[in-house]
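Trainee: Please take one part of this model and examine it closely, then relate it to the packing and the side-chain pairs elsewhere in the chain.

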Amino acid sequence: LQAVKRDGMALQYLSKELRGDKDVVLAAVKKNGGALRNATAALRSDKDVVLEAVKESGFALDWASKDCRANQEIVLEAVRKYGQALEFASEDLRNCRDVVLEAVKQEGAALQHAS
């Protein structure tokens, strides 16, 4: 746990069991949202974990499950941090006016990812 608190990407070197431990993964993604890519599939589907990851790095939406990419709360948080994360949102949310506006406010070029 101490290793991922210092460097979230240290998650990649841990056992599958630890990469599936919610407390360990939460500590990692709070430090580096990109650590989500090394979490188990179950935790890449966990709303709490994914929300913390995108709060740290909107790009983390790229490693979230399909269901999380379709969750408006998660996607809004991601595009507020990194507008280009709109690319990783579900098609429905890439069509959602509120989501697209938030993405474009953060980065105008995100408009290219709207459906």
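**From one serine to the core**

Mentor: Ser-115 is located in the segment that follows helix 9, residues 97-106; helices (H or I, at least four residues) and strands (E, at least two) are DSSP runs numbered from the N terminus. The model is predicted, with local features requiring pLDDT of at least 70 and side-chain atom pairs pLDDT 80 or more, whereas totals for chains, interfaces and linings use all residues. Residue numbers start from 1 along each chain as its sequence is written, and side-chain values rest on heavy atoms, without hydrogens or water.

Ser-115 counts as partly exposed because its relative accessibility is 46%; buried is under 20% relative accessible area, exposed over 50%, and partly exposed in between, with a 1.4 Å probe and protein chains only. Beyond the residues up to four places away in sequence, Ser-115 touches Glu-91, Arg-94 and Asn-95, a contact being heavy atoms within 4.5 Å. From Ala-103, Ser-115 is separated by 12 residues in sequence and by 13 Å between C-alpha atoms.

Asn-38 is buried, because its relative accessibility is 14%. Its contacts, apart from neighbours within four places in sequence, are Met-9, Leu-11, Gln-12 and Arg-19.

Helix 3 itself spans residues 22-31, and its buried residues are Val-24, Val-25, Leu-26, Ala-27, Ala-28 and Val-29. These buried residues pack against helix 1 (2-6), helix 2 (16-19), helix 4 (41-44) and helix 5 (47-56).

The wider packing can be described through the nonpolar core (buried Ala, Val, Leu, Ile, Met, Phe, Trp, Tyr and Cys residues joined through side-chain atoms within 4.5 Å). The largest such core comprises 38 residues, and Leu-36, Val-54 and Leu-61 have the most contacts inside it. At least two residues of this core come from each of helix 3, helix 5, helix 7 (72-81) and helix 9. Helix 3 gives the largest share, six residues. For Leu-61, setting aside neighbours within four places in sequence, the contacts are Val-54, Cys-68, Arg-69, Ile-74, Val-75, Ala-78, Ala-85, Phe-88 and Ala-89.

Cys-68, one of the contacts of Leu-61, is buried because its relative accessibility is 4%. The structure has zero disulfides, a disulfide being a pair of cysteine sulfur atoms within 2.5 Å. The closest cysteine sulfur to that of Cys-68 belongs to Cys-96, at 17 Å, which is too far for a bond. Cys-96 is likewise in no disulfide, and Cys-96 is buried, since its relative accessible area is 17%.

Rings of Phe, Tyr and Trp (its six-membered ring) pair when their centres lie within 6.5 Å; planes under 30 degrees apart are stacked, over 60 edge-to-face, and the rest tilted. The structure contains three aromatic pairs. One of them joins Phe-59 to Trp-63, edge-to-face, at 5.4 Å centre to centre with 70° between the planes. Phe-59 also pairs with Phe-88: the centres are 5.2 Å apart and the planes stand at 90°, so this pair is edge-to-face. Phe-59, in the loop between helix 5 and helix 6 (66-69), and Phe-88, in the loop between helix 7 and helix 8 (91-94), are 29 residues apart, and their pair links distant parts of the chain. Phe-88 is buried because its relative accessibility is 9%, whereas Phe-59 is partly exposed at 32% relative accessible area. Through ring pairs, Phe-59, Trp-63, Tyr-82 and Phe-88 form a cluster.

In one, Asp-46 and Lys-22 have their closest N and O atoms 3.3 Å apart. Asp-46 sits in the loop between helix 4 and helix 5, and Lys-22, 24 residues away, sits in helix 3. Asp-46 is buried because its relative accessible area is 18%, while Lys-22 is partly exposed at 29%. Lys-22 forms a salt bridge with Asp-48 as well, at 3.1 Å between the closest N and O atoms. That pair connects helix 3 with helix 5 across 26 residues. Arg-80 and Glu-102 form another salt bridge, with the closest N and O atoms 3.4 Å apart. Here helix 7 is linked to helix 9, the two residues being 22 residues apart. Arg-80 is partly exposed at 44% relative accessibility, while Glu-102 is buried at 19% relative accessible area. Shared partners join Lys-22, Asp-46 and Asp-48 into one salt-bridge network.

How values were computed
Salt bridge = Lys/Arg side-chain N within 4 Å of Asp/Glu carboxyl O.
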